[in-house]
Amino acid sequence: MKFDFDEIINRRDTYSVKWDVSKGELPMWVADMDFKTAPAVIKAVTRRAESGVFGYTIVPDRWYEAYIGHWKRLHGFEMKKEWLCFTTGVIPAITSSVKRLTNPGDNVIVQTPVYNIFYNCVENSGRHILENALAFDGKKYSMDFDDLEKKLSHPYTTLMILCNPQNPVGCVWDKDVLAKVGRLCDKYGVKVISDEIHCDLTEPNVGYVPFASVNETCKNLSVTCLSVTKAFNLAAMQSAAVCVPNENLGRVIFRGLNSDEVAEPGAFAIDAAIAALEDGDEWLKELRAYISDNRAYLTEYLNKELPKVNVIGQNATYLIWADVSYYTNDPVKLCDYIRKTTGLFITPGMVYHGDGNKFVRINVACPKKTLSDGVERFVKGVKGYANSCGK
Ligand SMILES: Cc1ncc(COP(=O)(O)O)c(C=O)c1O
């Protein structure tokens, strides 16, 4: 490998959300990585820092070209400049779009278990969540289209938030599934926000299909959120993009982003994104291979040491979704026990709603040494918990 993902970086006392934990604790919860970002990004940001001038920043043509080039190269989808708008984050963009596309009291569909902050975007804006729970057959998740259609047909439903790839269950939705979502949403006049923030983090030989690329229907009813922040570990750079191919819909969404004041870049946001998108391919390829190895390592270790924990086969993200229902129907208790007895900090699945009360989520985007420490703590914690309940 050309890039060093084994390097341990001390993130304590750096104002890191993830690492704001007690001495001896090991955080493997929030979705940020313990790796340095790509060298090209570090170089671009350093250059900007060394200029010593941090005045207002424009969104240059190069930023649009960088997004268009990356999606064409890596995902076979050709976007146009006029479809894109800079935004400070996927969540600010979703909240803003929810406000533009729905009225207070409307229903917004999410497919659970799902990234919990979607609830904030919807409920803090005075809209209702309608859960379309994903179906789980013990091995993988799929969409429950009968239930989806029932919920789409409700007269108060005006929007659906799709998560592709899906956090936390890690599935990449295929073209047929996405086409069916598009067809149903179109039938009931429901718009789709497609959150594709995890799209660059698929398993090495797995591609992802941008929702807007599926067909004209999907293209015309969609607002897609893209970002370099997950794949390049740039969460605090506040740098994302919204892609809206339909001109009239774009006018509504882009005006919303502007009037909500979430369309102005900070000093580093543009340089970081351009560097990641233009010069990050090689680093990204190695990162995906490293994460894939980490996933395989954890799965194998747990299959051996804790065969009753079912680690779901996932095609994307660096998040492990593990069924712990043999041990508990309350993963909060299990996670609290693990944290108290071993210092390992992971997320109980019910945070993500749906069938999350059977699961825990573990972030494996860390050096191998950190991972093996985490996995050992997990095994010790689960065994201790099992003993304490007489399992
Ligand atoms: C599905 C999903 N969307 C959005 C975000 C956050 O996006 P941002 O930091 O750009 O607001 C996350 C972070 O984990 C995520 O998993």
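The crossing of helix 1 and helix 9 is right-handed. In this predicted model, the axes of helix 1, which spans residues 39-51, and helix 9 come within 8 Å and cross at roughly 150°. Because an angle over 145 degrees counts as roughly antiparallel, helix 1 and helix 9 are therefore described as roughly antiparallel to each other. Helix 1 contributes Ala-40, Val-41, Lys-43, Ala-44, Val-45 and Arg-48 to the contact between the two helices, and these residues meet Asp-271, Ala-272, Ile-274, Ala-275, Ala-276 and Asp-279 in helix 9.

Helix 9, comprising residues 269-279, is also among the elements against which the buried residues of helix 2 pack, together with strand 2 (84-87), strand 9 (222-227) and strand 10 (240-243). Helix 2 itself covers residues 61-75, and its 15 residues reach 21 Å from the first C-alpha to the last, close to the 21 Å expected at 1.5 Å a residue. The residues of helix 2 that are buried are Trp-63, Ala-66, Tyr-67, His-70 and Trp-71. When helix 2 is viewed down its axis, these buried residues fall within an arc of 120°, so they line one face of the helix. On the face turned away from that buried side, helix 2 carries the exposed residues Asp-61, Lys-72 and Arg-73. After helix 2 comes Gly-76, for which phi is positive, near 65°.

Notes:
Residues are numbered from 1 along each chain as its sequence is written. This is a predicted model: local features need pLDDT of at least 70, side-chain atom pairs count only at pLDDT 80 or more; totals for chains, interfaces and linings use all residues. Helices (H or I, at least four residues) and strands (E, at least two) are DSSP runs, numbered from the N terminus. The expected span of a helix is 1.5 Å times one less than its number of residues. A residue is buried if 20 or more other C-beta atoms lie within 10 Å of its own, exposed if 12 or fewer, and partly exposed in between; C-beta atoms are placed from the backbone. The arc is that of the directions from the helix axis to the C-beta atoms. Two residues are in contact if their C-beta atoms, placed from the backbone, lie within 7 Å. Axes are lines fitted to C-alpha atoms, for helices over the stretch in contact, and angles run from 0 to 180 degrees between N-to-C directions. Angles under 35 degrees count as roughly parallel, over 145 as roughly antiparallel, 65 to 115 as roughly perpendicular and the rest as oblique. A crossing is left-handed if the near helix is turned anticlockwise from the far one by less than a right angle, and right-handed if clockwise.
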